[in-house]
Amino acid sequence: MSKAAEFLSAVAQALSTMVLYEDGHPSRERAVDLAFDRILILQEETPEPEFIFLGSEIVFDRKPLRELKEWDWARRLSSAGIQRLEFNGPVTREELDGFLDDALRRLTEGTIGTGEIRQMKATNIRFGAVGLKGGTVDKGEPERMATATLSFTLREEADAVRWLHQELQDEKDLHLVEAEAVVRSLSVAMHGDQAFLIPLLRLKEFDQYTTTHALNVSVLTMALAEFIGLGPKEVRSFGTAGLLHDLGKVKVPDEILNKPGKLTAEEREIMNSHPAEGARLILATEEHLDLAAVVAYEHHIRIDGGGYPTLHYPRKCHHASDLVHVCDVFDALRTDRPYRDAWAKDRAFQLIRDGAGTEFDPDAASAFLEMMGQWDMRIAELEEEDAPLPLRGEEEAAQPSEGAGAGEARDGPTDSPEIGGDPPHAGE
């Protein structure tokens, strides 16, 4: 068993023992001593370990801790508001005892509101909902733990996606563990602070589009899957498919991806090859990611049989592809590109509404529009990767202008037969 798994097992044992024995009882003290011994051993290998508890699953230092898969204590801790646990330096036994005591109170008394949290002296142990990473704490004041979280960022997730793409561009393998860790982290972000959010990144520079778009489509797809009632595992599976749907773009030259003018026939052929290329990349390294491969292949295929790649034998696309398709187009339309300005939200909604039954699966389109209407105020947009999350409503005053129409900016009217209502390679 890994040192991380040994530490968490000792924590579970300590919490179970603390329920049975009062403070100071030898059995209780031995259990805390064991947990303290395990964290010291773990920190010899990983000085600042970090755990994320997502349902019954655990992410340790950005990788799934598979030894404790379906670990019941992960679900208990997450439900008690302990979704993220960080050790920001060497800890004392007193600090660990204090954390275990607070954790036990949360587990037995329910999640504690910020105003009820016991004040403690500064400690290197921090826990609570997603949002701790990257924040700062005034060391001169007692630390407010648990739900008193700090500004959340998607910087690490964006860095991880960039690294995944760079590895593939360098002819290396797809790293599934990192991709799954990103999706789990996004899911935690969506459910942090006891309130559901849809965290989206705004594009800073055109050459970051592939990274930003992958993260946004993953988040939107998970939100839509959850909205229609899918279970947690299926939601994250769809989220992984959304994250990897454009993987084939790593083989498309930047000068084509970011070309401000009309694509030549040769460039269009290269661009249109990215769905099949993405599916090949996924299956070449992770055969069991068949759903992600299917979605990568199908996400530009229209309901009426148009789009690309061309199906020799028309068939219905996978349900995940239907969801990713509509989320892909919406995020693309709402993003500034070299050949057009971002579309206003209502204009993008109208295109999806008009395309239901021709370009988009009608049920997926209807559910997406309903979700965006009901959860509009839950959308949190980042100006940049290290900015706080402003909720929807704060940004509407600065709504991007429609600018030139998407179709007018490159390939003619928006009813282009290539992508239906989607502006030329906007969703690509």
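**Exercise 1. How many helices and strands does the secondary structure of the protein chain come to?**

The model is predicted: local features need pLDDT of at least 70, side-chain atom pairs count only at pLDDT 80 or more, and totals for chains, interfaces and linings use all residues. Residues are numbered from 1 along each chain as its sequence is written, and side-chain values use heavy atoms, with hydrogens and water left out.

Step 1. Take DSSP runs, numbered from the N terminus: H or I of at least four residues for helices, E of at least two for strands.
Step 2. Count them: 15 helices and seven strands.

**Exercise 2. Describe burial, contacts and surface of the protein chain.**

Step 1. Sort residues by relative accessible area: buried is under 20%, exposed over 50%, partly exposed in between (1.4 Å probe, protein chains only). Of the 428 residues, 56% are buried.
Step 2. Take contacts (heavy atoms within 4.5 Å). Among those between residues at least 6 apart in sequence, 69% join residues at least 24 apart.
Step 3. Compute the accessible area by the Shrake-Rupley method with a 1.4 Å probe; for residues, only the protein chains shown count as cover. The chain exposes about 17900 Å², and carbon and sulfur atoms supply 50% of it.

**Exercise 3. Characterise the largest pocket.**

Step 1. Define a pocket: on a 1 Å grid over the protein atoms alone, it is an open set of points where a 1.4 Å probe fits, with protein on both sides within 12 Å along at least five of seven lines; lining residues have an atom within 4 Å of a point.
Step 2. Get its volume, the space filled by probe spheres set on grid points joined across faces, edges and corners. The largest pocket holds about 460 Å³.
Step 3. List the centre. Of 21 lining residues, Glu57, Glu180, Arg184, Lys233 and Ser237 are the closest to it.
Step 4. Assign elements. β2 (57–60), α6 (176–190), α8 (232–244) and α12 (290–298) each supply at least two lining residues. The largest share, five residues, comes from α8.

**Exercise 4. Examine the backbone at Pro309 and Glu171.**

Step 1. The Tyr308 to Pro309 peptide bond is cis, with omega near -5°. Pro309 sits in the loop between α12 and α13 (319–333).
Step 2. Glu171 is not a glycine, yet its phi is positive, about 65°. Its loop runs between α5 (155–169) and α6.
Step 3. Is Glu171 buried or exposed? Its relative accessible area is 64%, so Glu171 is exposed.

**Exercise 5. Check the cysteines.**

Step 1. Search for disulfides, pairs of cysteine sulfur atoms within 2.5 Å. The whole structure has zero.
Step 2. Cys317 counts as buried because its relative accessibility is 10%. Cys327, at 0%, is also buried.
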